[in-house]
Amino acid sequence: MKQTTILLLMLLLADAGRAQTQGYPVTQVPFTDVKISAQSFWGQRLKAACDVTIPLAFGKCLTEGRYENFIKAAHPSRDYDVSTFMGFPFDDTDVYKTIEGASYILQTYPDRRLETYIDHVLDTIAAAQEPDGYLYTARTINPERPHRWSGKRRWEREEELSHELYNLGHMVDAACAHFQATGSVKFLNIARRYADCVVREVGPAAGQATVVPGHQIAEIALARLYVLTGEKRYIDEAKYLLDYRGKTSRRSAYSQSHLPVVDQKEAVGHAVRAGYMYAGMADVAALTGDSAFIRAIDAIWANITGRKLYLTGGVGARHAGEAFGDNDELPNRTAYNETCAAIAQVYLNHRMFLLHGDSKYVDVLERTLYNGLISGMSVDGGKFFYPNPLASDGQYKFNADGTLTRQPWFGCACCPSNLCRFIPSVPGYVYAVRDRDLFVNLFLANTATVRIAGKEVVLDVQTAYPWDGDIALRIVRNQAGRFTLKIRIPGWVRGEVLPGDLYRYCDGRTPGYTVTLNGRPVSADTLRKGYLPVTASFKRGDVIRIHFDMEPRMVKADNKVAADRGRVALERGPIVYCAEEADNGAADLRHVFLPRDSRLTVIPDKAIRNTEGDGQVFKVTAIGAAGQLARCSADGKLAFEDTSLTFIPYYAWNHRGAGIMQVWMLQDLSGMEE
């Protein structure tokens, strides 16, 4: 590494020693230590991010004026009227998020040209920074005529629309990722200067602006910066931003400022803001030992999972306010389920796992990851959904052409740029460590180098998951001696759709699983918190084989969910399925019944041509089903005729044009009331 990087690392270690960091009981294995196999399910998505999404996002930063905003801020002028050319005051974050995604992807696809390009972009960003560290182009370009959302003075409209602290959050997150990936402190120094500006100017002391973020995420980022640097002022600022929420002049459920955070028990308001805040509460709780924060997010998590989570792992029932609905309010066709909200739920559930070491949080994370999150991006990485409904008639009021199809970009580009940064970070969610326990949370084909008790362990995993349930984990190197592999046994194979009773399997099937070490069975009697421990002094070449029965399953929602009464949905493994007009054009899917005794068959390697994108053909495992189509006979009575149905993974829908799509299918007449 460069000499400056070595010096910084020495300073970080010294600072960390002084700070007395508590930290999570379970430690994430970082993205830098896990390499996803190129031809695997997630390897293909990382490749799409590398080849399509990240170049597209950088290109949009150029063509949509994101870079130009920084250039103008470096040369401010009273002649500029910022609102006439800047769409939103958070447009700066598109640049930050794209750099973050590019930094993650460098671990999988090293590229000196990309590093150099990022370096040039950082020069542009640095030139826009004010002498005291403030970096918010919406004001700096012309403080006398800033963006219409920004207010006359710094921070005065932070709790409403300015997004000054939101911009800080994405900048710091990106800078930390860039440092981890490259060892360069260039972006980190820029971000720390803005963070230090915020620490000086925002807080409860005399002369400070006593405000909290209108759009949360700074809390997460400041906690991450504290862990990286050991500088206590950053975690103190993160805690202040949470402690004072619900105590300043603005009180609104929309931004979760209606109550102090420790008094909140229900997930309300804007679903993205909420998810980021809850994740920040987990960070601050872990790093400061604040048990009141833990009690609050435990209650909120139970409310989300038990009353407000879609089968796809999405959240946010209402278009109005992009918000959570009431308990059990889970409409399908009008579901909002913003892609950014799904990403926020992954952040929250990952942190809940790190706090509690329970697989139920990873069960929710996995469901969101494979369904409600990746549905937001086409498989080629070039088109995006903002909302992710569970039913469609092919129409959508927000698209200019009136159809519900993925778009190449949005004026408010938070979802594409958020996917740009999230998808390449997936390697960081696979493993975690606690003492001499190594948690195997996600089943991705990969090689990983982890440290257990300070000693190196190298693993190689081969699997076609999520298409089949066979995983082979081989020990390549073990310098740690005796340790425990904690294999997650997913809830879906243990008969649990999700923690709680919001959904249940209704087909009477009982799939099983086996785990062996070098061919010898591991007893399932030792299962704890969803993990099966395999303890040994592992040797090179030892193989742990995991098998999950992966059958198509029928799911029902609790009767409290009015939109799903009389309906069933299909799953297989971690994948939620849907029926789409492109496969079932002869049958109006809104009038098809799926009987309880319907035959369900696995259709491997079903080909889908991405006519909404680059025309490439991709393959999925589909499900065939025997259904019944309801028709109205001449005498006005319902008549039923047998029909064959094809279900595809929910994330793969809408690659063949707009049309009817259903996740929840009719099973009895009560379902026709929706």
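Predicted model: local features only at pLDDT ≥ 70, side-chain atom pairs only at ≥ 80, totals over all residues.
## The open sheet

Five strands make up an open sheet with mixed pairing. Their order is E1-E4-E5-E9-E13. The edges belong to strand E1 (27–28) and strand E13 (531–537). Each of these has a single partner strand, so one side of each is left without a neighbour in the sheet.

Helix H14 (residues 359–373) packs on this sheet. H14 touches strand E9 (482–488) and E13. The directions of H14 and E9 make an angle of about 50 degrees.

Within the sheet, strand E4 (residues 431–434) pairs with strand E5 (residues 437–440). The sense is antiparallel, and the pairing spans four bridges. Val433 has Leu438 of E5 as its bridge partner.

Strand E15 covers residues 552–557. Six of its six residues are buried. How are the buried residues of E15 divided between its two sides? Pro552, Met554 and Lys556 lie on one side, and Arg553, Val555 and Ala557 lie on the other. Both faces are covered. In a regular strand, side chains alternate between the two faces of the sheet.

E15 pairs with strand E10 (residues 503–505) through three bridges. The two run antiparallel. Here Arg504 has Lys556 of E15 as its bridge partner. E15 also pairs with strand E16 (residues 567–572), again antiparallel, through four bridges. In this pairing, the bridge partner of Arg553 is Glu571 of E16.

## The second largest pocket

The second largest pocket holds about 380 Å³ of space. Its lining has 20 residues. Closest to the pocket centre are Phe41, Gln44, Arg45, Phe618 and Lys619.

Which elements each supply at least two residues of this lining? Helix H2 (41–63) and strand E20 (617–632) do. H2 gives the largest share, with six residues. By type, the lining has nine nonpolar, six polar and five charged residues.

## Helix H3 and its cover

Helix H3 runs over residues 66–74. Its buried residues are Arg66, Tyr67, Asn69, Phe70, Lys72 and Ala73. An α-helix has 3.6 residues a turn, so residues three or four places apart point the same way.

The cover over the buried residues of H3 includes H2 and helix H4 (92–108). Helix H5 (112–127) and helix H6 (137–140) are also among the covering elements.

## Two threonines in helices

Thr93 lies in helix H4. Is Thr93 buried or exposed? Its relative accessibility is 0%, so Thr93 counts as buried. Beyond its neighbours within four places in sequence, Thr93 contacts Tyr166, Asn167 and His170.

Thr182 sits in helix H7 (residues 164–182). Thr182 has 25% relative accessibility and therefore counts as partly exposed. Thr182 and Leu106 are 76 residues apart in sequence. In space, their C-alpha atoms are 8.2 Å apart.

## Backbone exceptions

Most residues other than glycine have a negative phi, and most peptide bonds are trans.

The bond between Tyr465 and Pro466 is a cis peptide bond, with omega about 15 degrees. Pro466 is in the loop between strand E7 (455–463) and strand E8 (470–478).

Lys529 is not a glycine, yet its phi is positive, at about 50 degrees. Lys529 lies in the loop between strand E12 (520–521) and E13. At 52% relative accessibility, Lys529 counts as exposed.

Asn654 is not a glycine either, and its phi is positive, at about 70 degrees. The loop that holds Asn654 runs between strand E21 (638–649) and strand E22 (660–662). Is Asn654 buried or exposed? Asn654 has a relative accessible area of 1%, so Asn654 is buried.

Conventions: Residues numbered from 1 in each chain as written. Heavy atoms only, no water. Pairing = 2+ DSSP bridges. Contact = heavy atoms within 4.5 Å. Axes fitted to C-alpha atoms, helices over the stretch in contact; angles between N-to-C directions. 1 Å grid on protein atoms, 1.4 Å probe; cavity = no way out; pocket = protein on both sides within 12 Å on 5 of 7 lines; lining within 4 Å. Points joined across faces, edges and corners; volume = space filled by probe spheres on them. Nonpolar A, V, L, I, M, F, W, Y, C, P; charged D, E, K, R; others polar. Buried < 20%, exposed > 50% of the residue type's maximum accessible area, 1.4 Å probe, protein only.
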